[in-house]
Amino acid sequence: MNDERFFILHQNCIPVKGAIRSTICDLQQESILFIPNDLFEILTKFKGQSISTIKQAYGLENVQIIDSYFKLLLDNELGFWATKDELNFFPEINSTWVEPANITNAIIDIDETSEHPFEKIFKELAELGCKHIQIRSYTPKPISFFENILHLIKHHRITSIEIITHYYEGQTTKEYLDAFCDKYPRTKSLIIHSAPEAELVKPSIIFTQESITSSHHCGIISPEYFSINLKTYTESLDLNSCLNSKIGIDVNGYIKNCPSLEESYGHIKNESLFEVILKKEFKQLWTVNKDQIKICQDCEFRYICTDCRAYLSNPEDLYSKPAKCKYNPYEAVWEE
């Protein structure tokens, strides 16, 4: 047995071990492949070792299984064979998360009582480097309301707005919304909840019959929300995949890490967002990562999954699993 080939995973293909199975996250193709934990061990423990060395370590009785493992990887175009002299030509991916902004994203909640100073909010968010804003309206608002809001960011470097708003009779027709998105190209997506019928008009315009009445709707963990890319992966290694570099303003104007959380750090009419982020306690949740959270730390999806510290399976334990996650990594099943 003298096979001196070396298998190299593509830089963007990251093996992640779970309790009973592992995944390879292809951060470029935005896909995952389930693999046995034995293959994870081969790819990590024997990284940089020849196929000959690997087969010797596992014995002749496992040669066919090992061959099938590498065939699986090749068939899915996750790696390639190389010679020993070629190994140094393929360095590992840089896993450092870097974002040149104090705040990367914000959530602003509104209802019929909200009186937010949007001009002040957008100016301060732009000064903090925020590029992405989500606005959630729990009550019907005319399109003109959002037009006035988007007009305020015209001269700011905020690059995308996601609007989640209640169905509004007469002003939430497909044609009306399509024209709105064309007029305001920074609108990343427009989700109309509490609609009479569910419909995907286009990837950026969605009607859903689901009723979203408050921030309590937040915190749902589902494969639908998995984010398989380099930014999410590198951020999740050391930081919280939901709350890191985030700021929220609830319907009453209180500044929080997320509108769903109870604790607030001031009111938008009385304090600047910059003053708030300087508070040490405001950033406490930013570093609660998946490798620290019970059960999540054993999950093969942990680096592509969102997180929620607002609704915990054990409210007394900051490091307990998100209450709205129904995945069991010890049985590899999504529970009802």
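**Figure 1. Salt bridges in the predicted model.** The structure holds 18 salt bridges, each a side-chain nitrogen of Lys or Arg within 4 Å of a carboxyl oxygen of Asp or Glu. The model is predicted: local features need pLDDT of at least 70, side-chain atom pairs count only at pLDDT 80 or more, and totals for chains, interfaces and linings use all residues. Residues are numbered from 1 along each chain as its sequence is written, and side-chain values use heavy atoms, with hydrogens and water left out.

**Figure 2. Close-up of Lys256 and Asp250.** These two side chains form a salt bridge, 3.2 Å from N to O. Lys256 is buried (under 20% relative accessible area; exposed is over 50%, partly exposed in between; 1.4 Å probe, protein chains only), at 8%. Asp250 is buried too, with a value of 8%.

**Figure 3. Close-up of Asp307 and Lys290.** A salt bridge joins the two side chains at 3.6 Å, N to O. Both residues lie in the loop between helix H8 (273–277) and strand S14 (327–328), so the pair ties together parts 17 residues apart in sequence. Helices (H or I, at least four residues) and strands (E, at least two) are DSSP runs, numbered from the N terminus. Asp307 is buried at 3% relative accessibility. Lys290 is buried at 5%. Lys290, Asp307 and Arg309 are linked in a salt-bridge network.

**Figure 4. Close-up of Asp317 and Lys294.** The closest N and O atoms of this salt bridge are 2.8 Å apart. Both residues sit in the loop between H8 and S14, so the pair ties together parts 23 residues apart in sequence. Asp317 is buried, with a relative accessible area of 17%. Lys294 is partly exposed, at 42%.
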